[in-house]
Amino acid sequence: MTHAVSDVARDEPAAQVAPIEPTLFRQLLGCFPTGVAVITTRDAGGRPVGLTCNSFSSVSLEPPLVLFSLRKASSLLGTFRAAEGFAINILSQRQDALSGRFASSKIADKFEGVAWRAGPLGMPVIDDCLASFECSVHACHEAGDHHVFIGEVKHMGGGGADHALVFYKGAYMMLAESLRTLVVQGRLGSADLDEAYRTLYGTLLRLASERATDAELDAIEMAVDDIERHQGSDTLAQRIESASRFFCAIADAGHNEALTLMAQTMTTILRERMTHVIPVLPRPDLFPLRREVVQCLRRRDAGGAVAALDELITKLRKDAPVQAAAA
Ligand SMILES: Cc1cc2nc3c(=O)[nH]c(=O)nc-3n(C[C@H](O)[C@H](O)[C@H](O)COP(=O)(O)O)c2cc1C
């Protein structure tokens, strides 16, 4: 049954709507688990190229159509727009390293060391994938900061028995799920976790002090404002949200896709610990340290930012309320 939009609904004055906050938007989109594919094609010189993609979706059975969306900022946009076709290679859970490889901006020749063959249309089909679809380009639509490519499937293969690689809440599902279990069972030691936070965010702060744009520094500062606003009366969920946003903003400012993935996994751990292990209380005494992190980043003082974060982690642990230690 179809529902027509009534005239009454159409004539209603536009409601006042809050702007969609990009970090939260991305986070909420992450609640929808997806598979992971490597989309491949050939460049003008015939070389195989590709990228990791989770925006793949089926569109139509007859004719057989599928789609994926490609960031306008992608180095491969021109290549895909000029290509006559592309191949979709659906990854298995054992191919997480391949996913990381094709998502990295640092690797110039993503196919180096990767086993593949040309499909009947000549598109690169990667070995051992769960399924592959070789497509001719049916349409390409500009949509916001992406282009949506619709392909008509001309050949397909695969059907492997392995499980799919699943991307969920910013991390590969197997990893996120096994980490969640470890956290909730208290099998990840606090000392190990603190060391991991210091190492990861120390590196990210160093990168951010070199690479962060003013807008990214503003985003970190806005997250700090948010943490300071969300005291006493606010729910635990709001405090978890604002704490996560602070760390996500630092990760974004570091501009390293692989470290961002690791940071997303650490955020998953942070959430689980705050929810199940440590019922964090508001800590106004720590506000100046986060401010210090932001001020140091604005001065491009990596050492100062890392020292402030170190002190934050130490104080969080050392002065944690006694009841907070209960698992
Ligand atoms: C799980 C995952 C899914 C991704 N999905 C998309 C996507 O749907 N569209 C897109 O343009 N980029 C996506 N990316 C990012 C690209 O893989 C990445 O930006 C790009 O390929 C980096 O290589 P380049 O800088 O050489 O272009 C995704 C990355 C990951 C890790």
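Student: Does I220 count as buried or exposed?
Tutor: This is a predicted model in which local features need pLDDT of at least 70, side-chain atom pairs count only at pLDDT 80 or more, and totals for chains, interfaces and linings use all residues. Residues are numbered from 1 along each chain as its sequence is written, and side-chain values use heavy atoms, with hydrogens and water left out. A residue is buried under 20% relative accessible area, exposed over 50% and partly exposed in between (1.4 Å probe, protein chains only). The relative accessibility of I220 is 0%, so I220 counts as buried.

Student: In which helix is I220 found?
Tutor: Helices are DSSP runs of H or I with at least four residues, strands are runs of E with at least two, and both are numbered from the N terminus. The run that holds I220 covers residues 214-229, and this is helix α7.

Student: Which residues is I220 in contact with, leaving aside its neighbours within four places in sequence?
Tutor: Contact means heavy atoms within 4.5 Å. With neighbours within four places set aside, the contacts of I220 are F246, A249, I250, A253, V294 and L297.

Student: What kind of pair do the rings of Y197 and F247 form, and what kind do F68 and F149 form?
Tutor: Rings of Phe, Tyr and Trp (its six-membered ring) pair if their centres lie within 6.5 Å; planes under 30 degrees apart are stacked, over 60 edge-to-face, and the rest tilted. The structure holds 12 aromatic pairs. For F68 and F149 the centres are 5.2 Å apart and the planes are at 10°, so this pair is stacked. For Y197 and F247 the centres are 6.1 Å apart and the planes are at 40°, so this pair is tilted.

Student: How many residues apart in sequence are the parts that F68 and F149 tie together?
Tutor: Both F68 and F149 are buried. F68 lies in strand β5 (residues 65-71) and F149 in strand β10 (residues 146-158), so the pair ties together parts whose separation in sequence, in residues, is 81.

Student: Which residues form one aromatic cluster with F68?
Tutor: F68 is paired with F149, as their ring centres are 5.2 Å apart. The cluster that holds F68 also takes in F80, F86 and F149.

Student: What is the relative accessible area of I88?
Tutor: I88 lies in strand β6 (residues 85-90). Its contacts, leaving aside neighbours within four places, include A37, V66 and F133. I88 is buried, and its relative accessible area is 0%.

Student: How far apart are the end C-alpha atoms of helix α9?
Tutor: The expected span of a helix is 1.5 Å times one less than its number of residues. Helix α9 (residues 257-277) has 21 residues and should span 30 Å. The end C-alpha atoms agree with this, being apart by 29 Å.

Student: Which residue lies over the face of F246?
Tutor: A charge sits over a ring if NZ of Lys or CZ of Arg is within 6 Å of the ring centre and within 35 degrees of the ring normal. At 5.9 Å from the ring centre of F246, the residue over its face is R290.

Student: What share of the 327 residues is buried?
Tutor: The protein has 11 helices and 12 strands. Among its 327 residues, the buried share is 42%.
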